[in-house]
Amino acid sequence: MICIKVHKGSDGRTVLAACDEELVGGSFSEGKLRLKVHESFYRDEVIEEDRLAEIMGDHDIMNLVGERTVSMAIDGGYVNDGCTITIGGVIHAQVVRG
């Protein structure tokens, strides 16, 4: 299952925050890098992976955390496999669409 939350900016753009459900509430670090998966940012609803694939194209910006979530973005052509970062063993990607 995937946790998602859609944030709407004052400019009308939307940010999709999505992460593997088991990562919510976690904190990960590696060297100087820190990643906190705050429930308030990532969890508004919990959906199936196939639903995530359906809605990714609807958003201007995506903040993605976790193997299943980021893999869906790679498979969908939103993220290049070489454009991810791993922090404390957790993969993370950000997408900004023009």
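Analyst: The model is a predicted one. Its protein chain holds three helices and eight strands, and from the N terminus these elements follow the order β-β-β-β-α-β-α-β-α-β-β. A compact globule of 98 residues would have a radius of gyration near 13 Å, and the value for the protein chain, 13 Å, agrees with this. Of the 98 residues, 38% are buried. Among contacts with a separation of 6 or more, 58% join residues 24 or more positions apart.

The largest nonpolar core comprises 17 residues, and Ile-4, Leu-16, Ala-18, Leu-52, Met-56 and Leu-64 have the most contacts inside it. At least two residues of this core come from each of the strands β1 (2–8), β2 (14–20), β6 (61–65) and β8 (90–96), and likewise from each of the helices α2 (49–55) and α3 (67–75). Another core, of twelve residues, lies apart from the largest one; Cys-3, Leu-23, Val-24 and Phe-28 are among its members. In soluble globular proteins, nonpolar side chains tend to be buried together.

Beyond its neighbours within four places in sequence, Leu-16 is in contact with residues including Ile-4, Val-6, Leu-52, Ile-55, Met-56, Ile-61 and Met-62. Lys-5, His-59 and Asn-63 are also in contact with Leu-16.

Methods:
Residues numbered from 1 in each chain as written. Predicted model: local features only at pLDDT ≥ 70, side-chain atom pairs only at ≥ 80, totals over all residues. Heavy atoms only, no water. Helix = DSSP H or I, 4+ residues; strand = E, 2+ residues; numbered from the N terminus. Rg over C-alpha atoms; globule rule 2.2 N^0.38 Å. Buried < 20%, exposed > 50% of the residue type's maximum accessible area, 1.4 Å probe, protein only. Contact = heavy atoms within 4.5 Å. Core = buried A, V, L, I, M, F, W, Y, C linked by side-chain atoms within 4.5 Å.
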